[in-house]
Amino acid sequence: MAKYLISFPSAAMNVPDSELEAVDRDAHDVIRKAKEAGVYVFGGGIDETVPPVLVSENGSVAEGGYPWAPPLNGGFTVLELPSSKEAIAWAARFAKACRCDQELRVFGFDPES
């Protein structure tokens, strides 16, 4: 079993305000189904009202993220699934619910995690 990250950046979800309640309902329905299937690990959205900070090895903190990296925002879900085929099927369910394409990534296995 591998863990898969299903995500989208905020800008990808270009939904009229009148549809936001339906998106919320539909996305939470997919999450409930993932929990019922026993594949849900974790999910949520980046709180874009709290700016990132960079923490160095000595504990000093600097405002902002890496200046050269694109901003990290949007929503994500981590599922544990037996195959990429199933991960694609779940990503499609989230794409339909969120009304936007989803990025799919596989976490590398770390025996210490």
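**Surface, sheet and salt bridges**

Colleague: Does valine 61 count as buried or exposed, and at which relative accessibility?

Modeller: In this predicted model, valine 61 is part of strand E4, residues 61-63. The cut-off for the exposed class is over 50% relative accessible area. Valine 61 therefore counts as exposed, its relative accessibility being 55%.

Colleague: What accessible area do Val53, Val55 and Val61 have together?

Modeller: Val61 is exposed. With Val53 and Val55, Val61 makes up a nonpolar patch on the surface. The accessible area of these three residues together is about 260 Å².

Colleague: Which strands stand at the edges of the sheet?

Modeller: The sheet is open and has four strands, paired in the antiparallel sense in the order E2-E5-E1-E6. An edge strand has a single partner, so one side of it is left without a neighbour in the sheet. From one strand to the next, the twist averages 15°. The strands at the edges are E2 (40-45) and E6 (103-106).

Colleague: Which residue of E5 is the bridge partner of glycine 43?

Modeller: Strand E5 spans residues 75-81 and pairs with E2 in the antiparallel sense over five bridges. Within E5, the bridge partner of glycine 43 is threonine 77.

Colleague: What angle does the direction of helix H2 make with that of E1?

Modeller: Helix H2, residues 84-98, packs on the sheet and touches E1 (2-8), E5 and E6. The direction of H2 makes with that of E1 an angle of about 25°.

Colleague: How many residues apart in sequence are the parts tied together by glutamate 19 and arginine 99?

Modeller: The side chains of glutamate 19 and arginine 99 form a salt bridge, 3.8 Å from N to O. Glutamate 19 is in the loop between E1 and helix H1 (20-36), whereas arginine 99 is in the loop between H2 and E6. The pair therefore ties together parts whose separation in sequence is 80 residues.

Colleague: By about how much of the helix are aspartate 29 and lysine 33 separated, and why?

Modeller: A salt bridge of 2.7 Å, N to O, links the side chains of aspartate 29 and lysine 33. Aspartate 29 is partly exposed at 29% relative accessibility, and lysine 33 is partly exposed with 34%. Because they are four residues apart in helix H1, their separation is about one helical turn.

Terms used. Residues numbered from 1 in each chain as written. Predicted model: local features only at pLDDT ≥ 70, side-chain atom pairs only at ≥ 80, totals over all residues. Heavy atoms only, no water. Pairing = 2+ DSSP bridges. Helix = DSSP H or I, 4+ residues; strand = E, 2+ residues; numbered from the N terminus. Axes fitted to C-alpha atoms, helices over the stretch in contact; angles between N-to-C directions. Contact = heavy atoms within 4.5 Å. Patch = residues over 30% accessible without salt bridge, like charges linked within 9 Å, V, L, I, M, F, W, Y side chains within 5 Å. Areas by Shrake-Rupley, 256 points an atom, 1.4 Å probe, with all protein chains shown as cover. Salt bridge = Lys/Arg side-chain N within 4 Å of Asp/Glu carboxyl O. Buried < 20%, exposed > 50% of the residue type's maximum accessible area, 1.4 Å probe, protein only.
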